[in-house]
Amino acid sequence: MKNRLKGISYAALSSATFGLAPFFTVSLLNAGLSPWEVLTYRWGTASVALALFGFMAGLRFRVSGRNLGRIFLLSLLRAATSLSLVIAYGNIATGVASTIHFMYPLAVAATMGIFFRERIPAKVIAAIAISIVGATMLSSGDITAAGGNPTIGIVASCISVLSYGGYIVGVRKSGLDDIDSATLTLCVMAFGAAMFFVAGWFTTGVRFVTDPHLWLYILGIGIFATAVSNMSLVKAIKRIGPTLTSILGAMEPLTAVVLGILFFGERFTVTGAIGIVLVIAAVTIAVVHTTSEEKA
């Protein structure tokens, strides 16, 4: 019971902090940084933060060569998620992009049920359905960002659904459960930072940021929206599994929607309010079912 509640807490923390990513990302893009630069600084800062945390905690970050290859494959999925979301944020409203991304529980549940024969209780299926309806209602209306292409934004958001769902399933099914969460997350972040830096170097270039104000955004997205969120995600998956972790990611679109309204002037409608209520209801159903099942 205690371990399950910890998993639920980690999942909520992960989704809430990850929901800060649109705000920091758009702020950096508006300041003139390219997507490659934003992602290089985001993942690079996260890697440094996790390394410092690990050394302070006495971790040795030992990974076998075989596991390193598996982690690299996971980092490709995680990097694809970040890149596709940055593209989506530049073309459609951040709240909309985040709610579309939140549909990844469907991909996770389908993968676990079809390929791994995991039994999915009816209440969990209902929670997934409710969350999807809520996300759809949140996404209704005019969703185009200034100067953006809605088609590109929606496609990019859908790609993030598949890549992130694959990453969540991969963490659980790749045989990496015995690796410390900080070590696994650090390796994924370091691989991603290297890939983004190389891509940026050969395309738009990667500039050294000297503006202290921009560094606040960089530290925000690197530490809170990346290091904390990803490490919490791994801890949650190990304790409660990928399906429930996905459903409890509801805090992510809620955070993004609120910040989008407050800082980017994104519209909030009655339909959007109903969508938020449905998402909260889905999380409640999932948590109540999990707790009651544990007690039984």
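The paragraphs that follow treat helix packing, then the cavity, then the pocket.

The model is predicted, with pLDDT of at least 70 needed for local features and 80 or more for side-chain atom pairs, while totals for chains, interfaces and linings use all residues. Residues are numbered from 1 along each chain as its sequence is written, and side-chain values use heavy atoms, with hydrogens and water left out.

Helices here are DSSP runs of H or I with at least four residues, numbered from the N terminus. Axes are lines fitted to C-alpha atoms over the stretch in contact, and angles between N-to-C directions run from 0 to 180 degrees. Angles under 35 degrees count as roughly parallel, those over 145 as roughly antiparallel, 65 to 115 as roughly perpendicular, and the rest as oblique. A crossing is left-handed if the near helix is turned anticlockwise from the far one by less than a right angle, and right-handed if clockwise. Contact means heavy atoms within 4.5 Å.

Consider α1 and α11, whose axes lie 7 Å apart at an angle of about 30°. The two helices, α1 and α11, are therefore roughly parallel to each other. Ala-12, Ser-15, Ala-16 and Phe-18 of α1 make the contact with Met-251, Glu-252 and Thr-255 of α11. By class, the residues of this contact are four nonpolar, two polar and one charged; Ala, Val, Leu, Ile, Met, Phe, Trp, Tyr, Cys and Pro count as nonpolar, Asp, Glu, Lys and Arg as charged, and the others, Gly among them, as polar.

For α2 and α10, the axes come within 9 Å and cross at roughly 150°. That makes α2 roughly antiparallel to α10. The crossing of α2 with α10 is left-handed. On the α2 side the contact includes Phe-23, Phe-24 and Leu-28, and on the α10 side it includes Leu-214, Tyr-217 and Ile-221.

Helix α6 (residues 104-115) and helix α8 (residues 150-173) have axes that come within 8 Å and cross at roughly 45°. Helices α6 and α8 are therefore oblique to each other, and α6 passes α8 in a right-handed crossing. Tyr-104 is among the α6 residues in this contact, and Tyr-164 is among those of α8.

On a 1 Å grid over the protein atoms alone, a cavity is a set of points where a 1.4 Å probe fits but cannot get out, a pocket is an open set with protein on both sides within 12 Å along at least five of seven lines, and lining residues have an atom within 4 Å of a point. The structure holds one cavity of 30 Å³ or more. About 60 Å³ of space lies in the largest cavity, where volume is the space filled by probe spheres set on grid points joined across faces, edges and corners. The largest share of its lining, four residues, comes from α1.

The largest pocket holds about 570 Å³ of space. Of its 28 lining residues, Ile-92, Ala-93, Thr-94, Ile-143 and Glu-266 lie nearest the centre. Helices α2, α5, α7 and α11 each supply at least two residues of the pocket lining, which divides into 15 nonpolar, 10 polar and three charged residues.
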